[in-house]
Protein chains: 2
Amino acid sequence: MINPFDDTYFMKKALQEAELALQKGEVPIGAVIVCNDQIIAKGHNQVETLNDPTAHAEMLAFTAATNYLGAKYLPDCTLYVTLEPCQMCAGAAFWTQIGRIVYAAEDEKRGYKHWNCKVHPKTKVTGGIMAEQSKELMNRFFKKLRK
Amino acid sequence: MINPFDDTYFMKKALQEAELALQKGEVPIGAVIVCNDQIIAKGHNQVETLNDPTAHAEMLAFTAATNYLGAKYLPDCTLYVTLEPCQMCAGAAFWTQIGRIVYAAEDEKRGYKHWNCKVHPKTKVTGGIMAEQSKELMNRFFKKLRK
């Protein structure tokens with residue numbers, strides 16, 4: 001049977017979160033966490049809004065997901081995030097033992113892969129899902145910033 | 001003039017935080033953040049209490065310190081923490097551009113140095129201050145756990 005809840009579907013939801021960040025004047029990065037085709041947590045970058053350098057989309061989503069499930073570990077969950085996670089967020093993902101990470105655009109400057117950081121050995125990673133849409137949001141943000 | 005507020009003084013404060021974690025049945029790790037010889041933020045590991053794998057002592061202290069100062073960056077602050085930070089906490093430290101990190105015991109399994117992770121190039125790091133006291137707290141925790 002065809003499942004409409006594919007990676008593209010959930011990445012669009014993460015991009016919607018990134019749009020919310022953009023509206024607040026934040027670097028537009030969004031994330032959702034999915035368990036059994038259900039979104040159990042959402043987050044968007046709120047570093048400026050909360051004045052908290054740790055308030056990345058993924059961090060807020062991890063905290064919300066573990067709170068929702070009442071569990072420290074997320075082996076049956078997938079994180080969808082619009083940008084390759086940084087060292088901090090990859091480290092947080094490690095602690096959650098999340099089953100899968102799907103990201104859109106690569107982050108050549110701060111991405112965990114480019115810094116040779118680790119996720120949990122049990123975590124599968126897929127990159128490049130809707131990367132263009134994510135980059136387009138980023139470009140919109142930085143164009144506005146330069147004005 | 002002799003300054004009584006030295007690294008040992010502030011590490012003792014971080015160890016007091018670690019004691020609070022131990023009393024709650026948490027892995028005993030504590031942190032304080034200091035600015036101009038004044039403690040502006042404290043934190044102790046609350047992963048179990050908050051059911052949040054991101055609730056490490058350092059993360060809670062970073063959020064509290066930036067909130068207190070109303071600033072995203074902590075270049076004039078020092079983090080005292082009773083265990084070598086992990087990848088996540090080193091990543092968070094990177095984003096804060098904290099001026100200095102002082103830790104007590106090394107963490108050979110999860111420590112950011114042992115994982116070849118980065119802190120900000122402007123951050124100075126000192127390890128080994130009151131390492132034995134930190135290890136002793138850890139041993140007490142794991143002994144209790146095995147009973």
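So, one term to start: contact means heavy atoms within 4.5 Å. Helices (H or I, at least four residues) and strands (E, at least two) are DSSP runs, numbered from the N terminus. Axes are lines fitted to C-alpha atoms, for helices over the stretch in contact, with angles from 0 to 180 degrees between N-to-C directions.

Quick housekeeping: this is a predicted model, where local features need pLDDT of at least 70, side-chain atom pairs count only at pLDDT 80 or more, and totals for chains, interfaces and linings use all residues. Residues are numbered from 1 along each chain as its sequence is written, chains are lettered from A and ligands numbered from 1 in the order in which they are written, and side-chain values use heavy atoms, leaving out hydrogens and water.

Okay, chain B. Helix 1 (residues 7–23) of chain B lies across strands 1 (30–35), 2, 3 (77–83) and 4, at about 145 degrees to strand 1 of chain B. Five strands of chain B form an open sheet, order 2-1-3-4-5, with mixed pairing; strands pair if DSSP finds at least two bridges between them. At the edges sit strand 2 (38–44) and strand 5 (124–126) of chain B, each pairing on one side only. Strand 4 (residues 100–105) of chain B pairs with strand 5 of chain B in the parallel sense, over three bridges, and Val102(B) has Thr126(B) as its bridge partner in strand 5 of chain B.

Over in chain A, five bridges join strand 3 (residues 77–83) to strand 4, and these two run parallel. Leu83(A) is bridged to Ala105(A) in strand 4 of chain A.
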